Amino acid sequence: MTISKNHHFVPRLLLRQWANDKDQVQCWHWKEEKIGSFSPTTENIMAETRLYRAQHIDNPSIYEDTFNRIETNAARVLEKLRNPQRPRLVTEDFHAWSLFILAQRARTPAKITWARQQARDVFIDEFEKPDPEFDRLNADERFSSLSHYINERHPNVLANFHLDTTMQIISDEKHVSAMCRLKWFVRQKFAHPLILSDDPVTLVGGLHEKNCQIALPISPNEVFFAVSDERIRDRIFSEDDKSAAARINHDQAVQAQRFVVGDVEPRFLEKRLRKKPEPYVPTNLPSRRDSG
């Protein structure tokens with residue numbers, strides 16, 4: 001069985017919308033104290049080696065395979081969203097695209113790293129505690145605690161706990177249902193091309209809150225939106241083309257960990273794109289809207 005080593009955290013089905021006929025994208029990042037660009041193929045950007053690789057089990061690609069299935073189903077929906085004739089989405093489409101959006105919110109390297117550390121902290125806190133029942137049943141003095149026993153006898157539990165949890169969050173029915181209940185639409189008219197970051201889904205408010213707004217660029221001139229209120233939808237469509245493009249690109253740039261792709265002025269990124277990745281810290285605050 002061939003096991004993929006290069007795990008895309010931004011799917012190629014999105015990256016290809018910014019690619020030329022050679023499957024290359026213009027990618028921007030900080031290098032040697034200045035903003036620079038290069039032209040990788042979609043195969044070689046926004047991916048990390050073995051990011052979702054499972055350990056100590058027979059199928060190490062189980063999580064990557066799950067993301068691939070989510071992307072395959074989402075590709076059908078993306079085609080509909082980009083179709084000028086606006087074909088009607090069916091129930092399966094809403095479910096597939098909801099999983100895709102939720103996956104994009106959870107699968108970035110910074111969030112996977114945070115989840116791994118949290119899993120270790122929780123595991124140690126829970127299973128390193130004195131447990132009289134374990135002491136009573138433990139017949140092997142080598143094991144000083146339940147944590148020690150699990151790590152020795154079942155190393156897959158802790159090694160994959162963060163990925164298991166991530167998958168459960170993505171597929172949680174209450175999250176999927178909340179996403180499906182939002183009002184979905186695509187805005188196509190912008191004054192200049194849009195960019196795509198390595199953390200591309202912008203969330204304002206919370207998924208279960210009344211002021212929820214989700215935005216994802218799906219091409220250099222199209223953005224998918226999901227909002228909780230028609231007034232938010234009306235406000236998005238009433239925004240002039242220049243301001244709308246600047247706002248979307250601003251959010252993509254400030255949310256990026258390292259990279260953005262697309263046609264953009266370097267000086268726009270100099271004030272917004274961070275020079276190095278930052279640890280992920282969960283927050284309920286909306287995306288930053290400062291002018292930079």
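A: Grid points are joined across faces, edges and corners, and a volume is the space filled by probe spheres set on the points. By that count, the structure has 1 cavity of 30 Å³ or more. This is a predicted model, where local features need pLDDT of at least 70, side-chain atom pairs count only at pLDDT 80 or more, and totals for chains, interfaces and linings use all residues. Residues are numbered from 1 along each chain as its sequence is written, and side-chain values use heavy atoms, leaving out hydrogens and water.

Q: What volume does the largest cavity have, and which residues line it?
A: About 30 Å³ for the largest cavity. Its lining is made of Thr202, Ala215, Pro217, Ile248, Asp251 and Gln252.

Q: Which element gives the most to that lining?
A: α11, with 3 residues. Helices (H or I, at least four residues) and strands (E, at least two) are DSSP runs, numbered from the N terminus.

Q: Switching topic: how many residues are in the largest nonpolar core?
A: 51 residues, and Trp97, Ile170, Met179, Ile214, Leu216, Ile218 and Phe224 have the most contacts inside this core. Such a core is a set of buried Ala, Val, Leu, Ile, Met, Phe, Trp, Tyr and Cys residues joined through side-chain atoms within 4.5 Å. Buried is under 20% relative accessible area, exposed is over 50%, and partly exposed is in between (1.4 Å probe, protein chains only). The largest share of the core, 8 residues, comes from α3.

Q: What does Leu216 touch?
A: Setting aside neighbours within four places in sequence, Leu216 is in contact (heavy atoms within 4.5 Å) with Leu14, Trp97, Phe100, Ile101, Leu196, Pro200, Val201, Val223 and Phe224.

Q: And Phe161, where is that?
A: Phe161 sits in helix α8. It counts as partly exposed because its relative accessibility is 38%. Phe123 is 38 residues away from Phe161 in sequence and 9.1 Å away in space, C-alpha to C-alpha.

Q: What pLDDT does the chain average?
A: 91, with 95% of the residues scoring at least 70. pLDDT is the predictor's confidence in each residue, from 0 to 100. Over residues 284-292 the pLDDT is below 50, and this stretch has 21 contacts in the model beyond near neighbours in sequence.

Conventions: On a 1 Å grid over the protein atoms alone, a cavity is a set of points where a 1.4 Å probe fits but cannot get out, and a pocket is an open set with protein on both sides within 12 Å along at least five of seven lines; lining residues have an atom within 4 Å of a point.
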